[in-house]
Amino acid sequence: MTPLALPQATLDRLCPMHARLDAMGRVGTIGPTLHRVLGGREYRTRHFSELFDIFRPRQITELAALLALDGRRLQVRLVGQGRETLRGLALPDASGGAVLDLSFGLGLVDAVRDHALTSSDFAATDLAIDMLYLVEAKSAAMEASRTLNRRLQGAMLAAEERAYTDPLTGLRNRRAVSQVLTDLLRRDAAFAVMHVDLDFFKRVNDTLGHGAGDRVLERVAGVMRELTRQEDTVARVGGDEFVIVVVGTGDRTRLAALAAQLITRLEEPIPLRAETALPPARISASIGIALRSPGEPMPRSGADALLEASDAALYDAKRAGRGRYAFFCPEVLRRGRDRRGSSDRREGSGEGSAR
Amino acid sequence: MHGLVARTLQCFVQDTYGPERWRSVADAAQLDLPEFEAMLDYEAQIVGRVLTQAEIELGKPRAAMLEDIGTYLMTHPNNERLRRLMRYGGEDFIDFLHSLEELPGRARLAVPDLDLPPLELTETAARRFTLVCKCSGPTRRGYSHVLAGVLRAMADDYGALIVLDLEAGPGEDEMIEIAVVEPSYSAGRSFELGAHGAGRDG
């Protein structure tokens, strides 16, 4: 085969980012795209190491060392042009010099923008343009995916919210309480569980109708919201049964005050809709309170155990008469297990009423 | 059917005729949800129903509507990304035509499960081309109309003046005769590579 002799224009089109180095390592001609990237810098007869910082696989400043790499992949920076890394390949020519060919590698997107390159700056066989296409297509597809994910996330949150909300009162529900208690126990926090059971609610329902009953429940929810803080949880867990989780406190005096206040407020007559001409509804409430302090050992079903404890205290309060509250103590539970048990008041069971 | 197709139909009606009209179409087509998601799959039957209801609601024959959809895809500001992707096809409109056979491959690069009908381009005389769409199966019927809308819009984009002629057959194939009257009739719209870098500017 005859030795290859190329017109410069052919090399320019085949490798628009090449630089020809003579036997002394000086730069002769360069391809049009590299010319553009160098931005008018004088390159002719300069030694390649003044223009190209070849730093991998090792620092190269001599032609002999460059050729000794025998076509290994080079990483190159343009001297004085920032950190942008080009990919390079250097091979000997027929007259003791070399051809150094460069490409943008992974910095392609930035390079195209920074140097305002167009598709004619790349060889037709170069996949660079396809890579740009792919980057854009991928971003578009990714964006569509993200949009879908955002919408699904929103729908999921809304569904979750519905699943944790009592539709009549807008309070949380039993499922939410279990979740909250489990979280608090995992964080080993101090908190109290107040189990509230309305007294005389059935009478309201029976004598004034279910509409009035609903009105009362809404009012009860309003009072509970008013007397608790944002971080507490107020839930309706049954027809006329509520649970309030008061976080960050084990202070009996404060909890007793809260319980007493709650009962007082709930005993206020609840006006029903004027047009129904019904008398105001009157109810009361009994409250059982269980405390949880950090570090206290808990059975695995801690949330259930606490609800059970507050329930036992509630039973105790009810038995002492309506409109009362009681704190749980282990004795209560023991008695709770045998609810026909005696009526003796144990010390420290901490009961009281709003009156 | 790919959600992108269903979503395109929805956005076309919404963006061109308003959300109210879309709601009417969705109601008439008895959609469970009046929203198509671009990244989900839908039964071709449902999409077909929407297309039929859109024809009735908008009082537009199917062929004309499909062509409008093609134009909408390339020209509406909401679809600027898609226009850019199409411009990767070539430097000028003739170049772009020659890249059309790559279109299904390019679509697959972007969205692997988006299956577009194969295309065959033949140059029949100077600046005259025949584009054959291999529209096998009922869900691909009418693809040449969408493509005609795309071609007209892209000719504008490149600033070329073209004349199109659509024919059916042979078989399920659909054919578009393209005459490029003037490749650079007007300045066209600008296209800079890398203007929408790796998610940099959305």
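Let me start with A:T45, which sits in the loop between α2 and α3 (48-51) of chain A. What is phi of A:T45? It comes out near 65°, a positive value in a residue other than glycine. There's another backbone spot in chain A: the peptide bond joining A:R56 and A:P57 is cis, with omega at about 5°. You'll find A:P57 in the loop between β3 (52-56) and α4 (63-68) of chain A. I flag these since most residues other than glycine have a negative phi, and most peptide bonds are trans.

Chain B averages a pLDDT of 92, and 96% of its residues score at least 70. The bit to be careful with is residues 197-202 of chain B, where pLDDT stays under 50. For that stretch the model has 12 contacts beyond four places in sequence. Where pLDDT is low, the predicted coordinates should not be read in detail.

On to the second largest pocket, which has a volume of about 790 Å³. Which residues are closest to its centre? Out of 37 lining residues, those are A:T118, A:S119, A:S120, A:I129 and B:E91. The elements giving two or more residues to the lining are α1 (8-14), α2 (32-38), α5 (108-114) and α6 (128-163) of chain A, plus α6 (93-98) of chain B. By type, the lining splits into 15 nonpolar, 10 polar and 12 charged residues.

Last topic, helix packing in chain B. Take α3 (residues 44-58) and α4 (residues 62-75) of chain B: their axes are 10 Å apart, at an angle of about 105°. That makes α3(B) and α4(B) roughly perpendicular to each other, because angles of 65 to 115 degrees count that way. From α3(B), the contact uses B:G48, B:L51, B:T52, B:A54, B:E55 and B:L58, and from α4(B) it uses B:R62, B:M65 and B:L66. That's 5 nonpolar, 2 polar and 2 charged residues.

The other pair is α5 (residues 80-87) and α8 (residues 143-158) of chain B, with axes that come within 11 Å and cross at roughly 80°. So α5(B) and α8(B) are roughly perpendicular to each other too. Here B:R83, B:M86 and B:R87 of α5(B) meet B:V150, B:M154, B:D157 and B:Y158 of α8(B).

Conventions
Residues are numbered from 1 along each chain as its sequence is written. Chains are lettered from A and ligands numbered from 1 in the order in which they are written. This is a predicted model: local features need pLDDT of at least 70, side-chain atom pairs count only at pLDDT 80 or more; totals for chains, interfaces and linings use all residues. Side-chain values use heavy atoms; hydrogens and water are left out. pLDDT is the predictor's confidence in each residue, from 0 to 100. Contact means heavy atoms within 4.5 Å. Axes are lines fitted to C-alpha atoms, for helices over the stretch in contact, and angles run from 0 to 180 degrees between N-to-C directions. Helices (H or I, at least four residues) and strands (E, at least two) are DSSP runs, numbered from the N terminus. Angles under 35 degrees count as roughly parallel, over 145 as roughly antiparallel, 65 to 115 as roughly perpendicular and the rest as oblique. On a 1 Å grid over the protein atoms alone, a cavity is a set of points where a 1.4 Å probe fits but cannot get out, and a pocket is an open set with protein on both sides within 12 Å along at least five of seven lines; lining residues have an atom within 4 Å of a point. Grid points are joined across faces, edges and corners, and a volume is the space filled by probe spheres set on the points. Ala, Val, Leu, Ile, Met, Phe, Trp, Tyr, Cys and Pro count as nonpolar, Asp, Glu, Lys and Arg as charged, and the others, Gly among them, as polar.
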